[in-house]
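Please look at the sequence and the model first.

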Amino acid sequence: MSYSIRRAGADDAALLARLEAQSFGERSWGANNVKASFVAPHVTILLAGKASDPPSGFAMWRDLQGEAELLTIGVEPSAQRKGVAGALLDAVRKQAAQAGAIRLFLEVDGGNAAGLALYKAAGFEKISLRRAYYRDGADAVIMQMML
Ligand SMILES: CC(C)(COP(=O)(O)OP(=O)(O)OC[C@H]1O[C@@H](n2cnc3c(N)ncnc32)[C@H](O)[C@@H]1OP(=O)(O)O)[C@@H](O)C(=O)NCCC(=O)NCCS
């Protein structure tokens, strides 16, 4: 399945907050933090979905001048396991490379099996572990992909 991917603009704030809340549930950043991402420096927000439907997934990445960080990615539950996140990661990878980044890195909760599987399938490698990094005591896994 191929998906239509576009950059989100300020008009998409409510849509993005809804997608983020549906994807992350209790682990959601909350609507205010999601809205703040639109004005965060060097951050790009992408939306993906079937061309005829509203977007069902999103990704945010940050250009760190020479490298790039995937900040978050989520797909609403009814659209999961259909390649939406994979398509978004592909788009982030291409955009980051075009911006001059030599690597794309991210941090993921070590208990997030879906996230870990997604990143592994996309070609990311574990490079380090931050023990008890999150408030609930979970470890953070740092992963990267060379571009
Ligand atoms: C993680 C998440 C973004 C994956 O989105 P998705 O659109 O379902 O992922 P894709 O369909 O592109 O999956 C690509 C590959 O990743 C792996 N994968 C994705 N979700 C998986 C899961 N729940 N269990 C096992 N493997 C999974 C598989 O290898 C999959 O390929 P396959 O379906 O052919 O087996 C989605 O589950 C989600 O939004 N989760 C909640 C938010 C979150 O945890 N985000 C990541 C951390 S920031």
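Helix α1 has 12 residues and reaches 16 Å from its first C-alpha to its last, close to the 16 Å expected at 1.5 Å a residue, where the expected span is 1.5 Å times one less than the number of residues. Helices (H or I, at least four residues) and strands (E, at least two) are DSSP runs numbered from the N terminus. The model is predicted: local features need pLDDT of at least 70, side-chain atom pairs count only at pLDDT 80 or more, and totals for chains, interfaces and linings use all residues. Residues are numbered from 1 along each chain as its sequence is written, and side-chain values use heavy atoms, without hydrogens and water.

**Helix α1**
- Buried residues (under 20% relative accessible area, 1.4 Å probe, protein chains only) in α1 are A13, L15, L16, A17, L19, E20, S23 and F24.
- Among the elements covering them are β1, α2 (31–36), β2, β3 and β4, with contact meaning heavy atoms within 4.5 Å.
- G25 follows α1 and has a positive phi, near 55°.

**Sheet**
- An open, mixed sheet is formed by 7 strands in the order β1-β2-β3-β4-β5-β7-β6; two strands pair if DSSP finds at least two bridges between them.
- At the edges lie β1 (4–7) and β6 (125–130), each pairing on one side only.
- From one strand to the next, the twist averages 25°.
- Helix α1 (residues 13–24) packs on this sheet, touching β1, β2 (43–49), β3 (57–63) and β4.
- The direction of α1 makes about 105° with that of β3; axes are lines fitted to C-alpha atoms, for helices over the stretch in contact, and angles run from 0 to 180 degrees between N-to-C directions.

**Pairing of β4 and β5**
- Strands β4 (residues 68–75) and β5 (residues 103–109) run parallel and are joined by 3 bridges.
- A68 has L104 in β5 as its bridge partner.

Definitions and conventions:
Buried means under 20% relative accessible area, exposed over 50%, partly exposed in between (1.4 Å probe, protein chains only).
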